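Me: I would like to go through this model with you. Could we take it piece by piece?

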Amino acid sequence: MQDNIFTEEQNHLNELYNKLTNMKSQMEAELIDLQNQAQEEKNTVSDDLQYDFVGIEESQETLIEFETMSRAVEELNISSRTVSTALSKVNRLLPRPYFARIDVQFPDETEEESYYIGTTSVSNEDHEPVVIDWRSPIAEVYYNQQMGETSYEVDGRKIPVDLKLRRQFDIEQNVLKAYFDTKIALEDPLLIHSLTRKRTDKMQSITETIQKEQNAIIRHPDVPVLLVQGIAGSGKTSVLLQRIAYLFYRRRKNLRPNQVCLITLNPVFQQYIDHVLPEMGEANPTTMTWSDFLDSLGVDSLGEADITEADSLHQIDEGLKGFKLDEHYLHNINLKRVRVLDKKQIAGVLRKYRNSSSTSWIIQTAIEDLQELARKNARKMERKNKELGADDISFDDQDPDENQFGGVAEKIRSLDWLDIQAIGKHILGKDDLTPAEYTYLKMSLTGFSDHNTRYVIVDEVQDYTEAQLMVMTKYFKNAHFMMLGDEFQSIHSGTATFKDIENWFTSQGKEVTNLSLMTSYRSSPEITKLFTGLLPKEIRIQTNSVQREGIEPTIISCETHDEYVDKLKAVIAENTREEGLTAIICEDRSGINLITRSLGEDTPHVVRSYEALPKSGVVMMELKLAKGLEFDTVILPDVTAGEYPDRPLFRHRLYTAISRATEKIIILSDGKLSPLVTV
């Protein structure tokens, strides 16, 4: 029996696809033509322009002519960039022109209007949209998943509409494979289809399958602090990336990629997500780990872990009240072992401003005075050097090739004359400051901070200490924060709870908006049941999974070490033969070393912190590197009572490890099984 709707939709797809291919050809031809015109203009400049600078009048005419030709070339370049942008949109749509359609009826209108939704927008020659961007205001109606009377927002105004049709498509180029008329998330065939795909080395975009609770976060109004708590597999990282893309779309004219900072836990995860935004036509924001952040400030990070207590930073705030700088807290300024400024001279400059209560103001104001004093000292030394016949150091401002005063000026500007460690010892009573203490103290003393960044987005926020968040908020003082995490995936001791985070930002006068994600889209119901069983009952009853039924967890407890090694080898061999990506996740580095000694030459590749994941196969990694990642199969080789005792921190670690699996979870123990696992 013929499906008339299918035929109509296939015809519409054919028509649109042909239009896109024609647009592609026209734009490519136009781009070549513009590039040729620009080259011709450049050749004209080279061949015809007379470089006549004999007199003032001739020089002015030459410059005017050159500027005119340069303007013509620039106008062609602007046109070329405009066409290139439009062409990139068409190229992004050709593999899959759209993924959904909505039919809506506006109040007081008798006819329905149809909109096809894609990953970007494109208009016809009459400037009418033939595909609308998923981030456009009216597309919100599709993601709201509410048939009948609903609404969307434009510039804060609610626009009521009646949603008559919500249709999804499975499309490949100009071939319509299937369509689905859907109403609610549980009837989302495209979602189920996308969730059953094999995992690879790269994260998959969720643009086509964003669910209602996820959409509420992606399109949430701009607020000072957005704090999102989501269970494992709820799509927190995907939501994070979609919100970045949404912000870029809505603030296209005044938000640059370098004004958004994404802070992640490790480089493996950075490589896992680095393609998602470019595939949506957006540039990646500034992305860094905590170590990268400190390195950018010139502070040795000492690795990813931070043991700083928030009380230490509060103590710094208190200790700086009424603090006076003197020569005990200063360094001499030297260049090539020659003293240009000594501590007493620096202290003398600072005393000029001793009546000010702001140490940071004193320091910033003194910089110019110190540079002038250093310049005077340098000239005196240079004259003396010349008298003695020593000319290895030059401070001659008129000779920039020989002048070395720039090095002194940079030392003064970068505050090399401040002994931060000595000040910290005075306030905290200890010799060595942690990186967080040093950075916080330096910012408090100098007022040093970032004024460019407008949004800071912190993934896996539950793994940061309150002190780290205090440092971030002090540095990114003008930014809005979005933080996502799962309190029950906190795998390190001493990290901030969500209540700690909310209290800190509230104490800084920043309103905190709390949102949650309680549906797991990653794992099968069997795996979801296993890891949510580790949650408190009041949280567990709120969670659910939308995946189809899958394979029951495999739990193997071995009485002898030889039996354990044989079982582990067999499990690895079996999964090596299967499709997809398998991860052996060990609690820490010592666990990897134990497995390596047991398996010998049969040990799978161990992923390091700087490596990207392979597309398939079996790998072994530490739990901290698996954060945020997902695998078809997860093997936990060390779930013994000793490695995972029944304590909150280890409960969090096991919950995190199990929830990395989408299809299969295999748990082994070399001896007594952890009491956290129920057989």
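Me: To begin with strand 8, which residues point one way and which the other way?
Reply: This is a predicted model. In it, Val225, Leu227 and Gln229 point one way from strand 8, while Leu226, Val228 and Gly230 point the other way. Residues on both sides are buried.

Me: How many residues of strand 8 are buried, then?
Reply: Six of its six residues, 225-230, are buried, and the strand is mostly covered. As background, side chains in a regular strand alternate between the two faces of the sheet.

Me: What does strand 8 pair with, and how many bridges join it to strand 14?
Reply: Five bridges join strand 8 to strand 14, and the two run parallel. Strand 8 also pairs with strand 15 (residues 512-517), in the parallel sense, over six bridges.

Me: Which residues stand opposite leucine 226 and valine 228?
Reply: Leucine 226 stands opposite methionine 482 in strand 14. Valine 228 stands opposite leucine 515 in strand 15.

Me: Which residues line the largest cavity?
Reply: The lining consists of Asp222, Val223, Leu226, Arg243, Leu247, Tyr455, Val456, Ile457, His480, Phe481 and Met482.

Me: Now threonine 519. Is it buried or exposed, and why?
Reply: Threonine 519 counts as buried because its relative accessibility is 10%, and buried means under 20%. The residue is found in strand 16 (residues 519-520).

Me: What is threonine 519 in contact with, leaving aside its neighbours within four places in sequence?
Reply: Its contacts are Glu213, Ile231, Gly233, Ser234, Asn544 and Val546.

Me: Next, the open sheet of six strands: what is its order?
Reply: The order is 18-23-22-19-21-20, with parallel pairing. Strand 18 (554-558) and strand 20 (605-606) are the edge strands, each pairing on one side only.

Me: How many bridges join strand 20 to strand 21?
Reply: Two bridges join them, and the strands run parallel. Valine 606 has methionine 620, in strand 21, as its bridge partner.

Me: Which helices lie across these strands?
Reply: Among them is helix 21 (residues 589-599), which lies across strands 19, 20 and 21 and runs at about 135° to strand 21. Another is helix 23 (residues 648-658), lying across strands 19, 22 and 23, at about 140° to strand 22.

Me: How many residues of helix 23 are buried, and what do they pack against?
Reply: Eight of its eleven residues are buried: Phe650, His652, Arg653, Leu654, Tyr655, Thr656, Ala657 and Ile658. These buried residues pack against helix 18 (525-532), strand 19, helix 22 (623-626), strand 22 and strand 23.

Me: Finally, the whole chain: how many helices and strands are there?
Reply: The chain has 23 helices and 23 strands. Of its 679 residues, 50% count as buried. Among contacts between residues at least 6 apart in sequence, 72% join residues at least 24 apart.

Conventions
Residues numbered from 1 in each chain as written. Predicted model: local features only at pLDDT ≥ 70, side-chain atom pairs only at ≥ 80, totals over all residues. Heavy atoms only, no water. Helix = DSSP H or I, 4+ residues; strand = E, 2+ residues; numbered from the N terminus. Buried < 20%, exposed > 50% of the residue type's maximum accessible area, 1.4 Å probe, protein only. Contact = heavy atoms within 4.5 Å. 1 Å grid on protein atoms, 1.4 Å probe; cavity = no way out; pocket = protein on both sides within 12 Å on 5 of 7 lines; lining within 4 Å. Pairing = 2+ DSSP bridges. Axes fitted to C-alpha atoms, helices over the stretch in contact; angles between N-to-C directions.
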